[in-house]
Amino acid sequence: MTVPTWVKTSAAVVAAAGAGSIATDPQSRWYRTLRKPPWQPPPAAFPAVWTPLYVLIAAAGTRALNRGSADERRAFARSYAINLGLNAAWTALFFRAKQPKVALAEIALLNVSNLVLLRQAARADRLAGAALAPYVAWTMFATALNAAIVKRN
């Protein structure tokens, strides 16, 4: 029996989201004492934003992996796995390791990964590329937020 692509991408996204969720602790004493920019959204905004973004990431992955040549699908699958790993790693570096500077370097890599993934997805399927655009934009916002926290602390 072949597992449908949407099951695979959904499982991968749920794993990344779960790892990030477990590592996130905006109520920790350490996080609460960080000086943050006034434009930072409230903690409740993050799960409200990430939930639909993860749905879009899974949908984009499904569409991109169901199109293109075998080589293009393999390349996208590698990029997708790397991207989700980087996605989950940022939270662990920032919240668990309490290393905003290291997390900033890591999120810069995630942004590069996002752009590669977006390009590959759009090449396979325009709608898949469009579905990843909000993720790319939000991660760039998160990078600016991370940089502002590093600068203030």
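Which helix supplies the largest share of the lining of the largest pocket? Before that is answered, the setting needs a few words. This is a predicted model, in which local features need pLDDT of at least 70 and side-chain atom pairs count only at pLDDT 80 or more, while totals for chains, interfaces and linings use all residues. Residues are numbered from 1 along each chain as its sequence is written, and side-chain values use heavy atoms, with hydrogens and water left out.

The protein has six helices and zero strands, and along the sequence it reads α-α-α-α-α-α; helices (H or I, at least four residues) and strands (E, at least two) are DSSP runs numbered from the N terminus. Along the principal axes, its C-alpha atoms fill a box of roughly 50 × 30 × 25 Å. A compact globule of 153 residues would have a radius of gyration near 15 Å, and the 16 Å of the protein agrees with this, where the radius is taken over C-alpha atoms and the globule rule is 2.2 Å times the number of residues to the power 0.38.

Two of the helices, α4 (residues 70-96) and α5 (residues 100-124), have axes that come within 9 Å and cross at roughly 155°. Here axes are lines fitted to C-alpha atoms, for helices over the stretch in contact, and angles run from 0 to 180 degrees between N-to-C directions. The two helices are therefore roughly antiparallel to each other, a label for angles over 145 degrees. The residues of this contact divide into 18 nonpolar, six polar and three charged; Ala, Val, Leu, Ile, Met, Phe, Trp, Tyr, Cys and Pro count as nonpolar, Asp, Glu, Lys and Arg as charged, and the others, Gly among them, as polar.

The opening question can now be taken up. A pocket, on a 1 Å grid over the protein atoms alone, is an open set of points where a 1.4 Å probe fits, with protein on both sides within 12 Å along at least five of seven lines, and lining residues have an atom within 4 Å of a point. The largest pocket is lined by 27 residues, with T24, F46, W50, W90 and T91 nearest its centre. At least two lining residues come from each of α1 (5-23), α3 (45-65), α4, α5 and α6 (126-152), and the largest share, six residues, comes from α6. This lining has 18 nonpolar, nine polar and no charged residues.

The second largest pocket is lined by T5, K8, T9, A12, L65, A77, Y80, A81 and L84, with α1 and α4 each supplying at least two of its lining residues.

Note on methods. Parallel < 35°, antiparallel > 145°, perpendicular 65-115°, else oblique.
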